[in-house]
Amino acid sequence: MLIKRFIDGNESLAYAFINYNSPNLLNKKVKFMTLKPAEQKSGHLVIPGERLGVIEEFIPDSGTYVKDSVIYSKIVGHALVDLLNKRVTVYPVEEGVVVPKVSTVVIGQIGNAQSDNVLVKIFRIGKKKLSGEFGGILHISDVSDRYVTSMNDVCKPGDIVRAKVISEKNRIYHLTTNDKNLGILYAFCSRCGNLLEPQRYELHCPKCGNTESRKMAPDYGKEPI
Ligand SMILES: [Zn+2]
């Protein structure tokens, strides 16, 4: 779950992914705090300077600091108030940074096309949507195990593709669609821009009647984007 948190009502934003199934939080026998409602912070996302309790009640642990007997969070993280051991800890928020790696399956959009390669704007890795974009390149020799004469026959700018990373150099990801589960997921008519519908081994435009070919994934049109 993506949480947007406004700090002090100004424009600064802190983003964090909260995973409530995190073993950090579940494997410990934690009871929620019995403090005043304002101080019930266990499991909550806290920000630096956020009040967590007082040293008369709790032992400040990692991720916290004490000022004038009050325990504050030092970091952005999840507060854990352990009533059994009387400890308060803040666990740092996991970075949540997802980067394509060799052999990961990615989803991207076909960009500029040359006769023997296309650029791919990678926007998803597995099920994780990326906040930024990564640049990929798909070479004609990595499209299919069949002979391909032109990139134009297998993908076109604007298409959505599922591909696999085969190598990475200077943050450019070399991709392949040469596998039965990989290929184009959505394609658009090059005449009228309408979404193309699969018809046997080709794609058909329901609007203008155009027929086009792509290296289609078996679940063309079904993957939620
Ligand atoms: Zn059309």
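An open sheet of four strands has the order S3-S8-S9-S5, with mixed pairing. S3 and S5 stand at its edges, each with a single partner strand, so one side of each has no neighbour in the sheet. Strands (E, at least two residues) are DSSP runs, numbered from the N terminus. Two strands pair if DSSP finds at least two bridges between them. The model is predicted: local features need pLDDT of at least 70, side-chain atom pairs count only at pLDDT 80 or more, and totals for chains, interfaces and linings use all residues. Residues are numbered from 1 along each chain as its sequence is written, and side-chain values use heavy atoms, with hydrogens and water left out.

Strand S8 spans residues 77–82 and is mostly covered, with six of its six residues buried. Buried means under 20% relative accessible area, exposed over 50%, and partly exposed in between (1.4 Å probe, protein chains only). S8 pairs with strand S3 (residues 45–46) in the antiparallel sense, over two bridges. Val-46 stands opposite Gly-77 in S8. Strand S9 (residues 87–92) also runs antiparallel to S8, and six bridges join the two. Here Asp-82 stands opposite Arg-87 in S9. S8 and S9 form a hairpin with four residues between them. In the turn, Lys-86 has a positive phi of about 60 degrees.

Asp-61 lies in the loop between strand S5 (59–60) and strand S6 (64–67). Its relative accessibility is 29%, so Asp-61 counts as partly exposed. The C-alpha atoms of Asp-61 and Ser-73 are separated by 9.9 Å, and the two residues are twelve apart along the chain.

The zinc ion has four protein donors: Cys-189 (SG), Cys-192 (SG), Cys-205 (SG) and Cys-208 (SG), lying 2.3 Å from it. Donors are N, O and S atoms within 2.8 Å of the metal (3.2 Å for Na, K and Ca); water is not among the atoms, so sites may look incomplete. The donor atoms subtend angles of 100 to 120 degrees, which makes the arrangement tetrahedral. Four donors count as tetrahedral if all angles lie between 85 and 135 degrees. In sequence the donor residues are spaced C-x2-C-x12-C-x2-C. Cys-189, in the loop between strand S15 (183–186) and strand S16 (197–199), and Cys-205, in the loop between strand S17 (202–204) and strand S18 (211–212), link distant parts of the chain, 16 residues apart. Both Cys-189 and Cys-205 are buried.

The structure holds one cavity of 30 Å³ or more. About 30 Å³ of space lies in the largest cavity. A cavity is a set of points, on a 1 Å grid over the protein atoms alone, where a 1.4 Å probe fits but cannot get out; a pocket is an open set with protein on both sides within 12 Å along at least five of seven lines; lining residues have an atom within 4 Å of a point. The cavity lining includes Leu-138, Val-143, Cys-155, Ile-184 and Lys-215. The second largest pocket has a volume of about 260 Å³. It is lined by 13 residues, and the closest to its centre are Arg-146, Tyr-201, Arg-214, Lys-215 and Met-216. Volumes are the space filled by probe spheres set on the points, which are joined across faces, edges and corners.

Note on methods. Four donors count as tetrahedral if all angles lie between 85 and 135 degrees; four count as square planar and six as octahedral if opposite donors are over 155 degrees apart and all others between 65 and 115; anything else is irregular.
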